[in-house]
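The following note sets out some points on the model shown below. They are arranged by region, for reading alongside the coordinates.

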Amino acid sequence: MIWTNDTTRLLMVAGSSVAYALVCLAPYLRTRRKRLVAARAKAEAAATPDTVWIIAYASQTGNAEELAQQTAATLKLAGIPTRLAELSELSAVDLQQAERVLFLVSTYGEGDAPDGAAAFVGRLMTGSLALPQLHYAVLALGDSAYTQFCGFGRALDQWLQAQGAQSLFPRVEVNRSSDAAIAQWRQQLSHLAGTSDAPDWSAPAFDEWRLSERVQLNPGSPAAPVYHLELEPVGGVLPEWRSGDLVQIAAPADPARPREYSIASIPTDGRVHLLVRLHTHEDGSHGVVSGWLTQSAGLGQTVRLRLRQHKRFRLDGNEQRPLILIGNGSGIAGLRGHLKARALAGQGRNWLLFGERNAAYDYHYRAELDCWQRDGVLEKLDMVFSRDQAERRYVQDRLAEQADGLREWVAQGAAIYICGSLEGMAAGVDAALAAALGRASLDDLAASGRYRRDVY
Ligand SMILES: Cc1cc2nc3c(=O)[nH]c(=O)nc-3n(C[C@H](O)[C@H](O)[C@H](O)COP(=O)(O)OP(=O)(O)OC[C@H]3O[C@@H](n4cnc5c(N)ncnc54)[C@H](O)[C@@H]3O)c2cc1C
Ligand SMILES: Cc1cc2nc3c(=O)[nH]c(=O)nc-3n(C[C@H](O)[C@H](O)[C@H](O)COP(=O)(O)O)c2cc1C
């Protein structure tokens, strides 16, 4: 019995100790279980397709697109599934089903959306859409030299707020690719994704190129001088690019933003050709980069340059279509790149409409255009010289006269490419195209990649 009594006492002591331990442990176990459940729910949520984060970009020359790719890479590294899409690829349903969307958008024209986002603006931003479930953030790219700084990013942010969407953190505005603002965006991302190991983002480095050739194309012209330049990589290895792409040139000994130039050649030329117009400020001083490239830099001088894919202006997807190429001034650069690609591909259904001041001085690349006409690369050529007659005539006026031909080519599947001045030419040409084809048809052409612009 003694044994039994002792055992019972022992068992009772042990039992109460366990009970005591359980009472003490219970809150800990409850918290732990909650944490495990929450962690499992988070993991499941991350794995289900409807919690994919959408990274939507609207970019004209690739900056916003590049940052969108880096954003997606950072989130992927944190195990978050992402969908990278151009803004216009998103439907109302996409937005209504999405829980998290990160928008990276630049601004063009006078506070406008990039061309690739026009369809999104027309389809969605002109109306209302209930988006109470949506959490979003906006990275707005712009340049404070423009009066409508980050105009499109701001308009998009306001529209999202008006639809009931909730911002994850305040809009980040990037002035001329400022590193500090991009670092701020990266920091917010790391915070959201719960990582501290976001890879460093750096823009592609500039390479050293040599200025190998420079010829003024319009000596004697009353217009500003225009130069044909040829550059070769100092390292000797020519990188790949496609017609329609751009280069960025770093300002010499100047922390200013790099300047963009349309490439006027294709890789089989062995060199990057540019057409640079000398910019002169009101006080008579020269533009920083155009002055350096065309006046002060000597032949053989090293130039810091990087290639930029300009997907929105490439031939991609339009290779088999007839092309209508329209431009003015230095805009012949981007159109010449395309004509060279067409000549190489043996594609002769090309119509060039081009405007400058005087035929006697400003008929850039005349011998080459004559050859292309003779060889069947240029089926139609309309040169419009604004000051060769009493009244001023521009490329958009010729376009209006050629409305029947334009409709015929478009009916045959043609794609339209515009290169040159934003002011004057691009708006006038857009109006002439809309008058001939109808605004809705022109919008459809833009949405399907058959109306592409490189205007500045
Ligand atoms: C997509 C694209 C393609 C282009 N393609 C071509 C091309 O093929 N050929 C060509 O000749 N040009 C092209 N340009 C224009 C080119 O990039 C330059 O803008 C041009 O050469 C003038 O540069 P600059 O350094 O000589 O002049 P800048 O010294 O930059 O002066 C030009 C103007 O910008 C203003 N400005 C300059 N810096 C500032 C500042 N910090 N703040 C406010 N305002 C400022 C000046 O007041 C002046 O009105 C293209 C531009 C773009 C965007
Ligand atoms: C023709 C042209 C018009 C522009 N208009 C504006 C503008 O109105 N407001 C602004 O903030 N930035 C403007 N910008 C600056 C661009 O938004 C900025 O360079 C941006 O980094 C471009 O990004 P992207 O390469 O993704 O298109 C303009 C740039 C160009 C070349």
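This is a predicted model: local features need pLDDT of at least 70, side-chain atom pairs count only at pLDDT 80 or more; totals for chains, interfaces and linings use all residues.

In which helix does Ala73 lie? Ala73 lies in helix H2.

1. Ala73. This residue of helix H2 has a relative accessibility of 41%. Buried would require a value under 20% and exposed a value over 50%, with partly exposed in between; Ala73 therefore counts as partly exposed. Its C-alpha atom is separated by 10.0 Å from that of Leu84, which is 11 residues away along the chain.

2. Surroundings of ligand 2. The shell around ligand 2 holds 22 residues, and the closest of them are Ser59, Gln60, Thr61, Thr107 and Cys150. By residue class, the shell contains 11 polar residues, nine nonpolar ones and two that are charged.

3. Polar contacts of ligand 2. The side chain of Ser59 places an N or O atom 2.6 Å from an oxygen atom of ligand 2. Backbone atoms also take part: a polar backbone atom of Gly62 is 3.0 Å from an oxygen atom of the ligand, and for Ala64 the distance from a backbone N or O atom to a ligand oxygen is 2.7 Å. On its own, ligand 2 has 650 Å² of accessible area, of which the protein covers 91%. Helix H2 (63-77) and strand S4 (135-142) are the elements that give two or more residues to this shell.

4. Surroundings of ligand 1. Around ligand 1 there are 21 residues, with Arg259, Glu260, Tyr261, Val289 and Ser290 coming nearest. Eight residues of this shell are nonpolar, seven are polar and six are charged.

5. A nitrogen atom of ligand 1 lies 3.2 Å from an N or O atom in the side chain of Arg176. The elements that give two or more residues to the shell are strand S10 (259-262), strand S11 (272-277) and helix H7 (288-296). S10 provides the largest share, four residues.

6. The five-stranded sheet. What is the order of the strands in the open sheet? The five strands run S15-S14-S13-S16-S17, with parallel pairing. S15 and strand S17 (451-455) each have a single partner strand and stand at the edges, so one side of each is left without a neighbour in the sheet. From one strand to the next, the twist averages 10 degrees.

7. Pairing within the sheet. Strand S13 (residues 323-328) runs parallel to S14 and is joined to it by six bridges; Leu323 has Asn350 in S14 as its bridge partner. Strand S14 (residues 350-356) is in turn joined to S15 by six bridges, again in parallel, and Gly355 stands opposite Val384 in S15.

8. Is strand S15 mostly covered or mostly uncovered? Strand S15 (residues 380-385) is mostly covered, five of its six residues being buried.

Notes
Residues are numbered from 1 along each chain as its sequence is written. Chains are lettered from A and ligands numbered from 1 in the order in which they are written. Side-chain values use heavy atoms; hydrogens and water are left out. A residue is near a molecule or strand if one of its heavy atoms lies within 4 Å of it. A polar contact is a pair of N or O atoms within 3.5 Å; within protein, one must be able to donate a hydrogen and the other to accept it, and residues adjacent in sequence count only if both atoms are side-chain atoms. Accessible areas come from the Shrake-Rupley method with a 1.4 Å probe; for residues, only the protein chains shown count as cover. Ala, Val, Leu, Ile, Met, Phe, Trp, Tyr, Cys and Pro count as nonpolar, Asp, Glu, Lys and Arg as charged, and the others, Gly among them, as polar. Buried means under 20% relative accessible area, exposed over 50%, partly exposed in between (1.4 Å probe, protein chains only). Two strands pair if DSSP finds at least two bridges between them. Axes are lines fitted to C-alpha atoms, for helices over the stretch in contact, and angles run from 0 to 180 degrees between N-to-C directions.
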